[in-house]
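Let's take a friendly walk through a protein model together. Have a look at the picture first, and then we will go through it part by part.

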Amino acid sequence: ARQRAMRMYVWGTILLAFGALTAGIVRLERAGTLRPEWARPWIAVAMTHARKARHAQALVAFRRALETDRGLVES
C-alpha cells in the first residue's frame, strides 16, 4: 500500500502541475486514503483548493492533514 500511495501522490502532483486539477486531487486523496498516517497528500489537496479560493474544501483537507500529522502541517 505504501508504494501504491507514493505512485498516486506522484501522479497527483504531476497532474496538478499540468493543470488537471480534478484528476490530480482525486489521485492525492487516494494516496491519503491508502496511507492514512501520511499528511503530505492532504496538504497538497488543501493548498490546491486554497489557491483556487475553494475555502470549504481547503479547510476539510487541512483538518485531515492536522489530524494526521500536526507537526508537519505547522512547519
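## A loop residue to start with

Is Arg35 buried or exposed? Arg35 is buried, because its relative accessible area is 12%, and the cut-off for buried is under 20%. Keep in mind that this is a predicted model.

To find Arg35, go to the loop between α2 and α3. If you set aside its neighbours within four places in sequence, Arg35 is in contact with Arg2 and Ala5.

## Salt bridges

Side chains of opposite charge can pair when their charged atoms come close. How many salt bridges does the count come to? The count comes to two salt bridges.

Arg35 is buried, at 12% relative accessible area, whereas Glu37 is exposed, at 52%.

Another salt bridge joins Arg70 and Glu74, with 3.0 Å between the closest N and O atoms. Both of these residues belong to helix α5 (residues 70–74), where they lie four residues apart, about one turn of the helix. Glu74 is exposed, with a relative accessible area of 56%.

## How α1 packs on α2

Two packed helices are described by the angle between their axes and the distance between the axes. For helix α1 (residues 2–17) and α2, the angle is about 160° and the axes are 7 Å apart. The two helices are therefore roughly antiparallel to each other, since an angle over 145 degrees counts that way. Their crossing is left-handed.

Which residues make this contact? On the α1 side they include Arg4, Ala5, Met8, Tyr9 and Trp11, and on the α2 side they include Leu21, Ala23, Gly24, Ile25 and Arg27. Sorted by class, the contact of α1 with α2 has twelve nonpolar, three polar and three charged residues. Ala5, one of the α1 residues here, is also in contact with Arg35.

## How α2 packs on α3

Now follow the chain onward. Helix α2 (residues 21–34) and helix α3 (residues 40–51) pack at an angle of about 150°, and their axes are 8 Å apart. That angle makes α2 roughly antiparallel to α3. As α2 passes α3, the crossing is left-handed.

In this contact, Leu21, Ile25, Leu28, Glu29, Ala31, Gly32 and Thr33 of α2 meet residues of α3, among them Pro41, Trp42, Ala44 and Val45. The contact of α2 with α3 has eight nonpolar residues, four polar ones and one charged one. Leu21 and Ile25 belong to the contact with α3, and they also belong to the contact with α1.

## A positive phi

Most residues other than glycine have a negative phi, and most peptide bonds are trans. With that in mind, where does Ala53 lie? Ala53 lies in the loop between α3 and α4 (55–68). The phi of Ala53 is near 60°, a positive value in a residue other than glycine.

Methods. Residues are numbered from 1 along each chain as its sequence is written. This is a predicted model: local features need pLDDT of at least 70, side-chain atom pairs count only at pLDDT 80 or more; totals for chains, interfaces and linings use all residues. Side-chain values use heavy atoms; hydrogens and water are left out. Axes are lines fitted to C-alpha atoms, for helices over the stretch in contact, and angles run from 0 to 180 degrees between N-to-C directions. Angles under 35 degrees count as roughly parallel, over 145 as roughly antiparallel, 65 to 115 as roughly perpendicular and the rest as oblique. A crossing is left-handed if the near helix is turned anticlockwise from the far one by less than a right angle, and right-handed if clockwise. Contact means heavy atoms within 4.5 Å. Ala, Val, Leu, Ile, Met, Phe, Trp, Tyr, Cys and Pro count as nonpolar, Asp, Glu, Lys and Arg as charged, and the others, Gly among them, as polar. A salt bridge is a side-chain nitrogen of Lys or Arg within 4 Å of a carboxyl oxygen of Asp or Glu. Buried means under 20% relative accessible area, exposed over 50%, partly exposed in between (1.4 Å probe, protein chains only).
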